[in-house]
Amino acid sequence: MRTIIKYVLLDLLRNKTILVYTLILAVLAVSVLSMSGNSSKGLLSLLNITLLFVPIISILFATIYLFNSVEFTELLLAHPIKRRIMLIAEFTGVALALAMAYLLGVGLPVIFLNYSPASLTLLLSGLFLTLIFTGLALAIFVVFKDKTKGIGAAIITALFFTLLFDGLLLSFIYSFSDYPIDKPLLGMVSLNPVDLGRILVLLQLDVAVMMGYSGALFKEFMGSVFGSLYSVACMSLWVILPLWYAMRKFDRKDL
């Protein structure tokens, strides 16, 4: 398992896309934190960049890499290696490479230019989103045999969680505004890891106006501490469930 992880990680660290991803994140992070005189505003801008770029890049890059590595996967399956161990090793290698890119691109500027508990929460949120969307990419790779369909599914998944879900949530709020929907809404927010990542960071900042309806609900019903713990627990489940599904599906997949 360690050998597979090491091979995948070293292969990806030489990948130009990973280097460009790191560089773009670093340029954006340094620009945002240097130009903003207010540390909270700087972190909010960096949060929006993280919520937009990390899910899309993670799921798209991981999906394309996994489909391009089908021959490598088939070669590994010819050896006496358990399918689940091989799949977890590939996931770990890809996730580690993307996480390292995020930590170098966003983590270093944040630590040197705007170090605070909220900054560390932002990094935690970005790492969770990296793991979650890499796991979703793994599930897509296992479900689809065709690369084009897999990439299409990855794009739709990323757009759904980053853009469409909030629109559906607003439609639900306006449609049932005459009913007590606060508690059902808390459950619905848990279905979107991007919203959970946003709330996790905003609960650490004194920006009630920016929290939105779902963030305000979290603060009102759970408070900052329990709301943060609930967000972390839900995001951990979002990491585990796609991996568990991918492993079960991969056991029966005929490559």
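Reader: Why is the crossing of H2 and H5 called right-handed?
Author: It's about which way one helix is turned when you look at the pair. A crossing is right-handed if the near helix is turned clockwise from the far one by less than a right angle, and left-handed if anticlockwise. H2 and H5 cross in the right-handed sense. Bear in mind that this is a predicted model, where local features need pLDDT of at least 70, side-chain atom pairs count only at pLDDT 80 or more, and totals for chains, interfaces and linings use all residues. Residues are numbered from 1 along each chain as its sequence is written, and side-chain values use heavy atoms, leaving out hydrogens and water.

Reader: What makes H2 roughly parallel to H5?
Author: Helix H2 (residues 16–35) and helix H5 (residues 83–113) cross at roughly 20 degrees, and their axes come within 9 Å. Angles under 35 degrees count as roughly parallel, over 145 as roughly antiparallel, 65 to 115 as roughly perpendicular and the rest as oblique, so H2 is roughly parallel to H5. The axes are lines fitted to C-alpha atoms, for helices over the stretch in contact, and angles run from 0 to 180 degrees between N-to-C directions.

Reader: Which residues make the contact of H2 with H5?
Author: On the H2 side, they include Ile18, Tyr21, Leu25 and Val30, while H5 brings Leu98, Ala101, Val106 and Leu113, among others. Contact here means heavy atoms within 4.5 Å. By class, there are 16 nonpolar, three polar and no charged residues.

Reader: Why is Tyr21 called buried?
Author: Tyr21, found in helix H2, has a relative accessible area of 7%. Buried means under 20%, exposed over 50% and partly exposed in between (1.4 Å probe, protein chains only), so Tyr21 is buried. Leaving aside residues up to four places away in sequence, Tyr21 touches Val54, Ile57, Ser58, Leu98 and Ala101.

Reader: Glu90 counts as charged, so is Glu90 buried or exposed?
Author: Buried: the relative accessible area of Glu90 is 1%. Glu90 sits in helix H5. Beyond residues up to four places away in sequence, Glu90 touches Ile4, Val8, Leu66, Ser69, Phe72 and Thr73.

Reader: What makes Lys82 exposed?
Author: Lys82 has a relative accessible area of 63%, so the label is exposed. Lys82 lies in the loop between helix H4 (70–77) and H5. The C-alpha atoms of Lys82 and Met1, 81 residues apart along the chain, are separated by 9.7 Å.

Reader: Why is H6 called roughly antiparallel to H9?
Author: Helix H6 (residues 117–143) and helix H9 (residues 193–202) pack at an angle of about 170 degrees, with axes 9 Å apart. That angle makes H6 roughly antiparallel to H9. Leu122, Leu129 and Phe133 of H6 take part in the contact, as do Val194 and Leu200 of H9, among others. This contact has 10 nonpolar, three polar and no charged residues.

Reader: How are H7 and H8 set relative to each other, parallel or antiparallel?
Author: The axes of helix H7 (residues 147–175) and helix H8 (residues 182–189) cross at roughly 170 degrees and come within 12 Å, so H7 and H8 are roughly antiparallel. Phe165, Leu169, Phe172 and Ile173 of H7 meet Leu185, Met188 and Val189 of H8. Those residues divide into seven nonpolar, no polar and no charged.

Reader: How many helices and strands are there in the whole chain?
Author: The protein chain has 10 helices and zero strands. Helices (H or I, at least four residues) and strands (E, at least two) are DSSP runs, numbered from the N terminus.

Reader: And why is the protein chain called as compact as a globular protein of that length?
Author: The radius of gyration is 19 Å, close to the 18 Å that the globule rule gives for 255 residues, so the chain is as compact as a globular protein of that length. The radius is taken over C-alpha atoms, and the rule is 2.2 Å times the number of residues to the power 0.38. Buried residues make up 48% of the 255 residues.

Note on methods:
Nonpolar A, V, L, I, M, F, W, Y, C, P; charged D, E, K, R; others polar.
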